[in-house]
Amino acid sequence: MSFTEKLRKSWIEETFLKRECVKFIPSSWDLHRCNPVCQVCQNLIRCCCGHLMGEHSWREFVPPLSLYPGPGQDVEESWSMEVYTRASPTNAFGIVDFQDTATRVCRAKYVRVAVDSKSEALLQLMLREWQMERPKLLLTVQGGSENFILPPKVKQAFSKGLITAALSTGAWILTDGIDTGVSKYVGEAVKIFGDHDLRKRNTVGITPWGVIDNNTDLIGRDVFRPYQPLGNPLSKRARLNGFHSHFLLVDDGTLGKHGCQQGLRRKLEKHIQLQKIHPRLNQGVPVVCVVVEGGPAIVSTVLDYVSNVPPVPVFVFEGSGRAADLLAFLHKQTANDRQLDPDIIEDFLVRIANVFEVERAEATCLYTLLQQCMDHRDSITIFDSESEDQMATDAAILTTTLKGTKASPAEQLSMALGWDRADIAQKDILVYGQHWQVGALEQAMLDALVMDRVSFVKLLIDNGMTMSRFLTMDRLEELYNTPQGQTQRFLHHLVEDAKQTSLPIGHRLSLIDMGLVIEYLYGGAYRSTYTRKNFRAAYNRMQGKEGRRDRSGSLSKQKRGMKPNSNRNSSPQDLHFFRTAQPYRHKEQDVSPGNSQGKVVMSPDIGGASILVSFNFNDLFVWAVLQQRQQMALFLWQHGEEALARAIVACKLYRSMAFEARESSMYDNIAERFKAYSLEFGQLAVDVLDCAFRQSEQMAMKLLTSEMDAWSHFTCLQMAVSSCHRPFVSHSCTQTLLTDLWTGPLNMRKSSSLKFWKLTRHTRYFGAKDHFKPSPTPCHLAAGV
């Protein structure tokens, strides 16, 4: 056993306990009143805990000599877990292998824990020891524990909707973990719609230890145990469901008694709610309760969820039976503050009594609880799978989560961003007329870029995000300093090569550093704007102003995209994104005409400080390439101008990065990935050229002539054409065109400046379309060009 395994073993044993009953209190005083206690009594009479006398531990108490109550002994003595059980280190944890799932391998991690275990320790077990991914949503499934039949449509909607919602958001699913009732349906849903990768299954069963069939087979410390219960139909025990990934086996010292797990489960849910949905977001993990069928106890459970502060939204599947149908009926009948007629109340009481098989008095109590649930009807959503107007089940569950938590629009957007569900954000959050705090959407854009949420970046742009206003110097530097493990280390390595020096620990990358990296990777006579004299001067002035502001004790509002005292005396133009804009397709201009030559322009920002406003999609595009975010780079490539030039730049940068990775033994594993990215952009460059050549040779000439390092442009494009893996129009003609265009001017002009005519001023190409649009100003080649 390795040292790490020993540490894990000792931590689990030191942290988690089991409970055993040590005082025998007969559940009945009427049988075998012998003195002393005979062997028959020891094998027949059960304690109030559910165990036989012979199954008890007598470490602290003396075994009874007689089952007769002694003189003065209270015959009505009640059993108590706190008094009559003793805690000791857990003796059951490891991996359980389910032998009866022939279709695929099913294994789960498990641990036996005391009912009073701390939620903090349980979450640490799940995250650190079991290495589960942090939850972005918690789906707690409540319902019937006995077997019941779901109608086909309800079963399909529940199974597919639950798993789709979980997989698309990175959610955890909590159930009772047994192979009956609603937990069995969850297991079947995982089997049909779930991911076959065992490491991605996050379906947790919180199960009473005392109700598990053959639980003694699971005893052992850090063991691998096969599990194949006999499944005796006459047994009152339950078997574990084989399609759950993890089990918390809750031990209160009893045998064959359900319900002890509910208190621990609810405390764990509340503790998970306090965790962050993502390290960048302040939003806690949302919880939604999914109700399917259920007995009388489910009514109290629903009331506990919806009356909580903040409330936990409840999603009820109508048509699943019993408690779920009663909740759905009362929810519909009391809509718009309507009161039930006396005749309907009477019929409803009879229905409650028949459904739950209870007396009139208990039915009245349950009706009162149902009415109390309706006092929080806004937190309850009824899903009718038979209705043709219903949205997809997973979308309905997530919408219920957003609306039922009473969160603000900004908090709802954080949830959807954490889930990476732009469709939910577009439908329910970024609606026309929604009011936002100043800078809220700009912060969402920054978070989306850092978290690499391409769909959200597109959504925010389509809803009016102005990149030239959003992308300040501070934000661009924050993007370059996003911690990403190996990616960030490689970027620091490139800076060290470009500067020919070692960086100190904790060095913060500057835009000047990134300019040097771009020049180093591109080579030749190319000069980045980030390294030019006027940019350096403006950059140093900004750093000086921010340094003085920080030393004076005031926080830099610009870094958060907010204006001091933004709630007072704000003009309409200052309240950027105060109301959600109507969606649109594409912005025709990204930079002002006055900045068409790439000059550095100073302008007051929303915080009153001078900032650079020449940043645009090209700066973000180069950032995405250097950060190795290929999908983000491909998306940003479609925005802005000069698609051919930018594709060639990405092709060259990736190829140079691949060379640097091969030169360093630390990064050999990413060189092939860089090469693949380079070829992908090379193919795009060829496609753009092919599209231009199909339309006119003159247009192709215009695309091939731009203000940049001509020799590098020519070399990269030749490489892109030669590496093209599919035929395109006039391949040889295009090679000839390249040679005529580039070698001619290079031979005629001896100047090292390599200046060429600028015909790209009147063309603009969008990568998502196969045609050209006129534009009054050119977009610059890359960051600051």
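These legends walk through several views of one predicted model.

The model is predicted: local features need pLDDT of at least 70, side-chain atom pairs count only at pLDDT 80 or more, and totals for chains, interfaces and linings use all residues. Residues are numbered from 1 along each chain as its sequence is written, and side-chain values use heavy atoms, with hydrogens and water left out.

View 1. Helices (H or I, at least four residues) and strands (E, at least two) are DSSP runs, numbered from the N terminus. Of the 785 residues in the chain, 54% are buried. Here, buried means under 20% relative accessible area, exposed over 50%, and partly exposed in between (1.4 Å probe, protein chains only). Among contacts with a separation of 6 or more, 74% join residues 24 or more positions apart (contact means heavy atoms within 4.5 Å).

**View 2. Helix 11, residues 360–374.** This helix has 15 residues and reaches 21 Å from its first C-alpha to its last, close to the expected 21 Å; the expected span is 1.5 Å times one less than the number of residues. Look for the buried residues A363, L366, Y367, L370, C373 and M374. Seen down the axis of helix 11, its buried residues fall within an arc of 110°, so they line one face of the helix. That arc is taken from the directions from the helix axis to the C-beta atoms. On the face turned away from the buried side of helix 11 you will find the exposed residues A361 and C365. The buried residues of helix 11 pack against helix 8 (296–306), helix 9 (322–333), helix 10 (342–356) and strand 14 (380–384).

**View 3. An aromatic pair, F621 and F681.** The whole structure holds 18 aromatic pairs. Rings of Phe, Tyr and Trp (its six-membered ring) pair if their centres lie within 6.5 Å; planes under 30 degrees apart count as stacked, over 60 as edge-to-face and the rest as tilted. The ring centres of F621 and F681 are 5.7 Å apart and their planes lie at 80°, so this pair is edge-to-face. It links distant parts of the chain, with F621 in helix 22 (residues 617–626) and F681 in helix 25 (residues 668–695), 60 residues apart. F621 is buried, with a relative accessible area of 2%, and F681 is buried too, at 0%. Ring pairs also join F490, F621, Y654, F674, Y677 and F681 into a cluster.

**View 4. Helix 4, residues 119–129.** In this helix, 8 of the 11 residues are buried, so helix 4 is largely enclosed by the rest of the structure. Those buried residues are S119, A121, L122, L123, L125, M126, L127 and E129. After helix 4 comes Q131, whose phi is positive, near 55°.

**View 5. S78, in the loop between helix 2 (39–44) and helix 3 (81–84).** Is S78 buried or exposed? At 54% relative accessibility, S78 counts as exposed. S78 and C48 are 30 residues apart in sequence, and their C-alpha atoms are 8.0 Å apart in space. Leaving aside neighbours within four places in sequence, S78 is in contact with I25 and Y84.
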